[in-house]
Amino acid sequence: MNPYILATLLFGLGLGTTITFASSHWLLAWMGLEMNTLAIIPLMAQNHHPRAVEATTKYFLTQATAAAMLMFASTTNAWLTGQWGIEQMTHPLPTTMITLALAMKVGLAPVHAWLPEVLQGLDLTTGLILSTWQKLAPFALLVQIHPTNSTILMALGLASTLVGGWGGLNQTQLRKILAYSSIAHLGWMVLVLQFSPQLTLLALLTYFIMTFTAFLAFKLNKATSINTLATSWTKAPVLTSLTPLVLLSLGGLPPLTGFMPKWLILQELSKQDLAPMATIAALSALLSLYFYLRLSYAMTLTMSPNNLTGTTSWRLPSTQLTLPLASSLMTTLTLLPLAPAVMAILTS
């Protein structure tokens, strides 16, 4: 892709998210979300592969449906209450519709089915943008309207943790596994959103850092399925020994970084007398932990199944910049001791 076009599209992504962040009016927020969608579509379709075009079409139709629902709900709210402000959502009908529209935007269960299919059709770099940056703007809107729709948020969060854990069990494609991982993590964030938005932001921050590291590690290895992970030892032995820590951190295994937000969320749910919900969420984390363990096992303890003659993939030099991967990897592995400082920053 032409560097000027790429810079314009990335600028559009940043501007769309910034407009949504800065807006207090539903029309401006909708415009920011639309800019986000329209800026990432050329990035998704740049490979001109049938699978990439299919993924782009699915993504466009889903996001257009969610945006239309959001516009209809905000218009309905203005008709019923006379208010266009984001924080003035008082009527339950448009609030529920907007919550479902934003859930479809980010891929919460039960409106999640598009996310694994779309992510599977993209390259790892565009998939990383879709899994991280594209979730910021809808989450900013969810945080602003959260006090008025507690029941539906709890239902969406619980369904997402279960679907995210259950759906990733029988997958062999890394991008689909990361998609179900995203659904499960989003469920944890939404569960605690109405009680402690600071915890949601903490979980979102740690998820972004860990997912960034995982995507870059897979990109360095040029790995798209579980079988190709077995060649990692010969390509980058140090990275291969550290990546399982990142994967287990995504699963929330103590004493790694991903355990911190999960533990604090379970603690907050228990404080709110929601022990059954906390128990179900904790059990669903075991499902996610299983497929992260499966990836770690395939990466470190198995031999490559490829017997092809010719140039082996690990003899080809990697052209990827390793500085972003090294910095994000160190951040992922050292964030747990800094947890009190991060919490103090978020709550101040």
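This is a predicted model: local features need pLDDT of at least 70, side-chain atom pairs count only at pLDDT 80 or more; totals for chains, interfaces and linings use all residues.
How many residues apart are Glu54 and Lys58 in helix H3?

1. Residues are numbered from 1 along each chain as its sequence is written, and side-chain values use heavy atoms, with hydrogens and water left out.

2. To the opening question: Glu54 and Lys58 are 4 residues apart in helix H3 (residues 50-81), so about one helical turn separates them. Helices here are DSSP runs of H or I with at least four residues, numbered from the N terminus. The two side chains form a salt bridge at 2.9 Å, N to O. That term means a side-chain nitrogen of Lys or Arg within 4 Å of a carboxyl oxygen of Asp or Glu. By this rule the count comes to 3 salt bridges.

3. Lys58 has another partner, as its side chain also meets that of Glu117 in a salt bridge (3.9 Å, N to O). Glu117 sits in helix H5 (residues 114-120) and Lys58 in helix H3, so this pair ties together parts that are 59 residues apart in sequence.

4. Now follow Glu117 onward: it forms a salt bridge with Lys176 at 3.4 Å, N to O. This pair links distant parts of the chain, with Lys176 in helix H9 (residues 174-191) and Glu117 in helix H5, 59 residues apart.

5. Lys176 is buried at 18%. Glu54 is partly exposed at 42%, as are Lys58 at 29% and Glu117 at 36%.

6. Finally, have a look at Met1, in the segment before helix H1 (3-22). Met1 is partly exposed, with a relative accessible area of 46%. Together with Ile5, Leu6 and Leu10, Met1 makes a nonpolar surface patch of about 340 Å². Patches are made of residues with over 30% relative accessible area and no salt bridge; like charges are joined within 9 Å, nonpolar side chains (Val, Leu, Ile, Met, Phe, Trp, Tyr) within 5 Å. Accessible areas come from the Shrake-Rupley method with a 1.4 Å probe; for residues, only the protein chains shown count as cover.

Technical notes. Helices (H or I, at least four residues) and strands (E, at least two) are DSSP runs, numbered from the N terminus. Buried means under 20% relative accessible area, exposed over 50%, partly exposed in between (1.4 Å probe, protein chains only).
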